[in-house]
Amino acid sequence: MIESLFPLARPILHALDAETAHQLTIRSLSLLPARAPAPDDPRLAVEAFGRRFPNPVGLAAGFDKQCEVPDQLLSLGFGFVETGGVVPNPQEGNPRPRVFRLARDEAVINRFGLNSEGLEVVRRRLEARRGRPGIVGVNIGANKDSADRIADYARCVRGLAGLVDFLTINVSSPNTPGLRDLQGEAFLDDLLARCIEARDEADRQREKTTILLKIAPDISLDTLDAIVATALRRGVDGLIVSNTTVARPDSLKEKGLARETGGLSGRPLFVPSTVLLAQTFLRVGRRIPLIGVGGVDSAEAAWAKIRAGAHLVQLYSALVYKGPGLVGEIKRGLARTLDREATSLERAVGRDAAAMAEGRC
C-alpha cells in the first residue's frame, strides 16, 4: 500500500526540508506493521557470505540511521537492509541544514556527520528484533571527537556481533574529518585486524558475523590496490563499492546546490562508482563478493552493477525521487533480463568488468 501512496505523498514531502521529510518517512514506517514481503522469483536468489539472499536488491546505509524500521523496510521487498551508521557514543552530527536534494540531477548531497543515537540504543533495538526473518546489517563508524577511532570500531563490532548478519566498516564517509585517512594502508591494516579479532571473540560460540568494508569512490588505483590487498590479507568477507563522492561533475544542473559541501549520491555517482566496482572486481575476482552501490535507480543500472562485478546491489537516493515501488520494478526488470539473455545472475557477475573498468558503462 505504501508504494501506491508515494505519488500522492511526494509533492508534500518534497515541499518540506529534506531532513524533515525523511524523519516523517521514518515515523510513518514505524507505525506500519512488519509483514512478510511477496515471494521473489527464485532466479533472483543470491548465495553470498554463507547466506541466501532472496533477491540482490538491498537498502544502503543512511536511510534507517538509528535502526528503527528494518523490518518495515524488508516488507517493501528488499533482499537485505543495511542500517546506520552507528558510532559508540551519541553524537548530533553536523548543524542543519545538512542534506540537499538536487532534483534536476536526481541526486542528493549530505553532510550529516554520522548523527547517531549511539551504540547502546541501537543494540537494544536489535536485541528486541532477535529471531525475526530477513537479512539486516549495521554500518559502523567512529565518534568525531574520539581519541582512538580504531577502538571505536572494535567496540561497535563487539557490541553488535551476533545481533545482525553483517557489519560494515565505514572508513569512507566524507563528512567526519579525518575518517577517510583510515583507508591508508597502515591504518587500515590495524583497523581490520582489530575488528576481525573483536568479531571472532564475540562470535566464538555462534556463526560468525560477516565483516564488510565500504570504500570511497575518490581514490587512486594505487590506493585501491592497497585496500584490496589489505582486505584480502586480513580476511574481510566482502567490499561495498562505493560511498558518496566529494567530486562535483560539470554535468550537474543544480549549480547552486552543487556548491554545498558533503557527499554526492544518486544518478551522477553511477558511472564513477561502477568504474571503481569493475576495477575492484578485476583485482579480487570471485575470492570475495562485492556489493555495488551508487546511482542504482533502475533495473538497467542494477544489471550494469552485476555485470561490473557485484553479487548484490544497494540503493538509497533513488527512493527520494522514485519511491518504494522502485524495488519491485528493479526485481521485475532483472527477471525480464534473465529471460531475454537466457542467463543467470551468477553467470553475469563481472562478465563485462574489463570494459567497464575503462569507463564503458
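This is a predicted model: local features need pLDDT of at least 70, side-chain atom pairs count only at pLDDT 80 or more; totals for chains, interfaces and linings use all residues.
**Entry 1: aromatic rings**

Residues are numbered from 1 along each chain as its sequence is written, and side-chain values use heavy atoms, with hydrogens and water left out.

For the rings, I paired those of Phe, Tyr and Trp (its six-membered ring) if their centres lie within 6.5 Å, calling planes under 30 degrees apart stacked, over 60 edge-to-face and the rest tilted. The count by this rule is four aromatic pairs. Phe53 and Phe80 make an edge-to-face pair, with 5.3 Å from centre to centre and 85 degrees between the planes. I then checked where they sit, taking helices (H or I, at least four residues) and strands (E, at least two) as DSSP runs numbered from the N terminus. Phe53 belongs to strand 2 (residues 51-53) and Phe80 to strand 4 (residues 80-86), so this pair links distant parts of the chain, 27 residues apart.

Next came accessibility, where buried means under 20% relative accessible area, exposed over 50%, and partly exposed in between (1.4 Å probe, protein chains only). Phe53 is buried at 2%, and Phe80 is buried at 1%.

Phe63 and Tyr316 also pair edge-to-face, at 5.5 Å centre to centre and 75 degrees between the planes. Phe63 is in the loop between strand 3 (57-59) and helix 3 (70-75), and Tyr316 in the loop between strand 13 (312-315) and helix 11 (317-322), so the pair ties together parts 253 residues apart in sequence. Phe63 is buried, at 9% relative accessibility.

**Entry 2: the cores**

Which residues have the most contacts inside the largest nonpolar core? I found Phe78, Ile140, Tyr153, Ile169, Leu213 and Leu239, in a core of 97 residues. My rule for a nonpolar core was a set of buried Ala, Val, Leu, Ile, Met, Phe, Trp, Tyr and Cys residues joined through side-chain atoms within 4.5 Å. Another core lies apart from it, with seven residues, among them Phe100, Ala107, Leu252 and Ala258. I jotted down the general background too: in soluble globular proteins, nonpolar side chains tend to be buried together.

Leaving out neighbours within four places in sequence, Phe78 is in contact with Asn55, Val57, Gly58, Leu59, Leu73, Leu315, Leu319 and Val327.

**Entry 3: Leu345**

Leu345 is in helix 13 (residues 345-348) and is buried, with a relative accessible area of 7%. Not counting residues up to four places away in sequence, Leu345 touches Arg43, Leu44, Val46, Pro56, Trp303, Ile306 and Leu338. I also took a distance to Pro7, 338 residues away along the chain: the C-alpha atoms of Leu345 and Pro7 are separated by 31 Å.

**Entry 4: cysteines**

How many disulfides does the structure hold? I found zero, with a disulfide taken as a pair of cysteine sulfur atoms within 2.5 Å. For Cys67, the nearest cysteine sulfur is that of Cys156, 13 Å away. Cys67 is buried at 3% relative accessibility. For Cys195, the nearest cysteine sulfur is again that of Cys156, here 8.7 Å away. Cys195 is buried too, with a relative accessible area of 0%.

**Entry 5: salt bridges**

I searched the whole structure and found 28 salt bridges, each being a side-chain nitrogen of Lys or Arg within 4 Å of a carboxyl oxygen of Asp or Glu. Glu19 and Arg96 form one of them, at 3.3 Å, N to O. Glu19 lies in helix 2 (residues 18-30) and Arg96 in the loop between strand 4 and strand 5 (99-102), 77 residues apart.

Are these two partners buried or exposed, or in between? Glu19 is buried, at 5%, whereas Arg96 is partly exposed, at 43%.

Asp71 and Arg129 meet in a salt bridge at 2.8 Å, N to O. Asp71 is in helix 3 and Arg129 in the loop between helix 4 (119-128) and strand 7 (136-140), so the pair ties together parts 58 residues apart in sequence. Asp71 is buried at 10%, and Arg129 is buried at 6%.

Arg125 and Glu117 form a salt bridge at 2.9 Å, N to O. Arg125 is partly exposed at 28%, as is Glu117 at 31%.

Key:
Contact means heavy atoms within 4.5 Å.
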